[in-house]
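Let's take a friendly walk through this protein together. Have the sequence and the 3D view ready.

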Amino acid sequence: MSRRDYFSKRTKEISNSAYKKRMLFSFLIFVAFVTAGIFAWKWLNNQPNDQGALKPLRKTLEVNEKLLTSTFDTAKKVKTYDEKDAVKNVRVNGLIGMEKTIDTATWRLQVVRGDGDTLKISLAEIESLPKEDVVFDFKCIEGWSQVTHWAGVPLKTFMDHYHLNGQERMNYVGLQTVDKKYYVGIDMPSALQSQTILCYETNNKPLPMNQGYPLRLIIPVKYGIKHLKQIGTMYFSNQKPPDYWAERGYDYYAGL
Amino acid sequence: MYDFLLQLTITSCSIFILMKKIVKKHPLAIRWFHWINFPVLTIMIWSGLLIYWANDVYQIKVGNTVIYKFFPKGLYNALNVPFHLAKGMSFHFAFAWLFIINGILYVAYTIFSGEWRYLFPNRKSFKEAWQVLLHDLHIKKYEPPQQKYNAAQRIAYTAIIFMGMGSVLTGLAIYKPVQFSRATFLCGGYEAARVEHFILTIGYVLFFLIHIFQVIKTGWNNFQAMISGLEVIKTEKQIPVNEQA
């Protein structure tokens, strides 16, 4: 069937005057469409910022999070690898909130149970809890990833051991570095996922200072921005705890 | 109804009249999907570039020689790309919804309206597409017969749909590699998915360049049909001459 046959068989013919009318009409609609598009784009970019992201976009990130977390199995395990697959040189990407040295003779993990009720836990005490190894593909929000090997106590085991059952029923865990300059908030289901660990070893050795000595968070279901190094304080809240990168326009959830 | 008398040719027994015929070419729905997709895909590519910049490791290499690095500094600076990862992500994960919904509606429409018949390649399309290419490059005079779209268009317009699906699949594989671990597995892993997502995007840009070139080359009548839906077709009509008259 030729092109002409196609058009004569498959399409309706219309008169010249109707054609002119429709041409005018559809071009007016098109111009209106383009104009509306330009205005919509300008409107969006002129919206106020909500923590570094344009308000409607921040809202969308939150809706995405709600929609996805309600359908996801938050206990789902991250794919793990063999120890031999892990890299020897673990990439260091950020040093915000990091001290040059930390003395574990005086360092204590401060777990805030409530007002004026803070547990102070030494590294030795944490190391005496059941240890788990996690070898997984660590993913940075920048787009790179690395199979890395970490070990420590699962956060769930830790919280059970210190009878933080009431706190487990709250919505969020907040973490701060020793100097409190870097801080994250993590939703409780992700925090209690079985591969989330309070980590003190990488490649079977104590954490180097730039990897968060003496204790860091490893949370494989999140981007690296949530894996806070040199933990000083842990607390619990029903409201979203402040989050360093979320305040700078990133998604609060940052889940994988 | 016709516009007559553009040209008359009298032969011994009949008159050929070259006529202008106005026909409906593109349904309204397809025009909407097309013009919504254009800015949305542009925003997706732009915000994707803001994201890619944060880990811009891809390059074309032959041996140890870098032929092209994605992307040169000049391009980044011209488009104000550097240090906008968070902004890129916030736009990307919002406009992805529009891209996906518009895409689903378009595919559903072509299926239920029967338009897919003019869009989907048939048995002859792959052979004919080659002939179309040779014709377009002015190598051969012969142009294979076509319906609404020629064979090369059929393949291109169908391929772009599968590319869209590929972008959604590879996109989900990067976006939630734990929750959509099957998608990530299908793509050959997290890093492979990112490469594929990137290559598909390069594909859109190439598609766009060829598309624009072809639209300009084909001319106004064809272009305006994507806005008005109407196209002017010139046909010949044969009118027999009554010898008794």
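A residue counts as buried under 20% relative accessible area, as exposed over 50%, and as partly exposed in between (1.4 Å probe, protein chains only). By that rule, 41% of the 245 residues of chain B are buried. Please keep in mind that this is a predicted model, where local features need pLDDT of at least 70, side-chain atom pairs count only at pLDDT 80 or more, and totals for chains, interfaces and linings use all residues. Residues are numbered from 1 along each chain as its sequence is written, chains are lettered from A and ligands numbered from 1 in the order in which they are written, and side-chain values use heavy atoms, leaving out hydrogens and water.

Chain B has nine helices and five strands; these are DSSP runs numbered from the N terminus, with helices (H or I) of at least four residues and strands (E) of at least two.

Now look at helix H8 of chain B, residues 190-218. B:Ile212 is found in this helix and is partly exposed, with a relative accessible area of 35%.

Next come the rings. Two rings of Phe, Tyr or Trp (its six-membered ring) pair if their centres lie within 6.5 Å. Over all chains, 37 aromatic pairs are counted.

| Charge | Ring | Distance from ring centre |
|---|---|---|
| A:Lys226 | A:Tyr252 | 4.3 Å |
| B:Lys176 | B:Tyr175 | 4.7 Å |

How values were computed:
Phe/Tyr/Trp six-rings, centres within 6.5 Å; stacked < 30°, edge-to-face > 60°. Lys NZ or Arg CZ within 6 Å of the ring centre and 35° of its normal.
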